[in-house]
Amino acid sequence: MPGPSEAASIRSALPDRTPLGIHKIRHVVIIMQENRSFDEYFGTYPGADGIPGLAGNPGKVPCLPYPGRRHCMRPYHDTRPTNFGGPHAHSSAMADIANGRMNGFVAQAVEGKAIACKQFASPWCSQDRRKPDVMGYHDAREIPNYWAYANHFVLQDHMFEADSSWSLPEHLFLVSGWSAHCTKAGDAASCKSAVQDPGSPPHTPGNPTSKPPDYAWTDLTYLLHRYGVSWRYYVQHGGQPDCTNDQMFCAPVPQNSWTPGIWNPLPWFDTVRNDNQLSNVEPLGHFFTALQTDSLPAVSWIVPGDRDSEHPPSSVPNGQAYVTGLINSIMRSSAWSSTAIFLSWDDWGGFYDHVVPPTIDGQGYGLRVPGLVISPYARAGYIDRHILTSDAYLKFIEDDFLNGQRINPATDGRPDPRPDVRENQPILGNLANDFNFNQRPLPPLILSTTPGYY
């Protein structure tokens, strides 16, 4: 493993015309929330590519087919603190997209609810059958802090889910740039792409049994460890709503790791175990300690438990308060001056979005999700229209800390059969565009965790 001086040396030059100023960012913090579409949270944000016909956006207000009824359903302002959304597996994504018509959301919510209510006691059963909330949207009245971050920092209005599926595949992409199913434990060559629905072996990522999964392909922590770059994956106590009724298709929760296995896959990567890095998955309290002791790692992922996740039917106010608390803590610390916060939501949760996702390598992209960049060097009030996914987070980290080394079977020293190097896709934007490293650093924006709504 290179020593500190060698690690510093490889970070002195950058490929891909990424500005040298990127090295002003010494801490990347990725906050990943759950199950919201861009149009649900920012569909009426001024200047963004939002819902047609609303908030000055061009086009006619969409009206989506409602199965078994003569009338269709239009977007509406939803003031409720909790939502239910709709199905959000791979088949649901394909049905919502509907070959580019983007009109399957209501039908999926109605049909998915009927199936769920018949088979088991789903939270969907408590919502109004006549008005599925997948067409509801929130604005600054319900999520004022998220809109404030967009006003003061960067809003990304073409951030897509990396894969066209649910939470587990997306969290695998978040840390490794791939989602796969491996047929032989410890054998990366046995892994094949998998973004299928939960409960559909052999295409389900992980192990489609009650046994622990084995992720044998390469993840980013392998490179971080190899080059001496510090990282942590912070987890919180809580349940896993996607798995309440079908635990056998979800990764088990390792001992002392509270966040659900579907949102916390790193303990099941061979690289993490082989490199003795399992202890880098830590309780969230250690994140606040790191801020207080000036020991924040170079790379941090933060994933919530159910209560704070915004995953339907979890409370939107609770989630926003939790995220605001995290960001306030960073801004009040010495780390703020050198930190980039990337805030996003892992999948669309069945909620309406009008933008057709690009098609990449048979696994993605999925539907649009909200994306925000918060940093002293973020371009204030900027709307980034470049096509992005969580693959761009990997690229930014690799450019900042690894001299552009990618999770690439041809160069990283640990081959696996992934179909492409996601970070190098020509369609993928560069998060460096969201920064002005020459500007006077922006001050902290400390917000109330209870801004008074609902």
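Let's start at Cys182, which is buried because its relative accessible area is 13%; buried here means under 20%, exposed over 50%, and partly exposed in between, using a 1.4 Å probe and protein chains only. Keep in mind that this is a predicted model, where local features need pLDDT of at least 70, side-chain atom pairs count only at pLDDT 80 or more, and totals for chains, interfaces and linings use all residues. Residues are numbered from 1 along each chain as its sequence is written, and side-chain values use heavy atoms, leaving out hydrogens and water.

Cys182 has a partner: a disulfide (a pair of cysteine sulfur atoms within 2.5 Å) ties it to Cys191, with 2.1 Å from S to S. Cys191 is buried too, at 2% relative accessibility.

Cys63 and Cys72 make one of them, with sulfur atoms 1.9 Å apart. The torsion about their S-S bond is about 100 degrees, so this disulfide is right-handed. Cys63 counts as partly exposed at 23% relative accessibility, and Cys72 counts as partly exposed at 34%.

Now for some helices, which are DSSP runs (H or I, at least four residues) numbered from the N terminus. H5 (residues 144–152) packs against H10 (residues 316–331) at about 45 degrees, with axes 9 Å apart. Axes are lines fitted to C-alpha atoms over the stretch in contact, and angles run from 0 to 180 degrees between N-to-C directions. In contact (heavy atoms within 4.5 Å), Pro144, Asn145, Tyr146 and Tyr149 of H5 meet Gly319, Gln320, Val323, Thr324 and Ile327 of H10.

Definitions and conventions
Helices (H or I, at least four residues) and strands (E, at least two) are DSSP runs, numbered from the N terminus.
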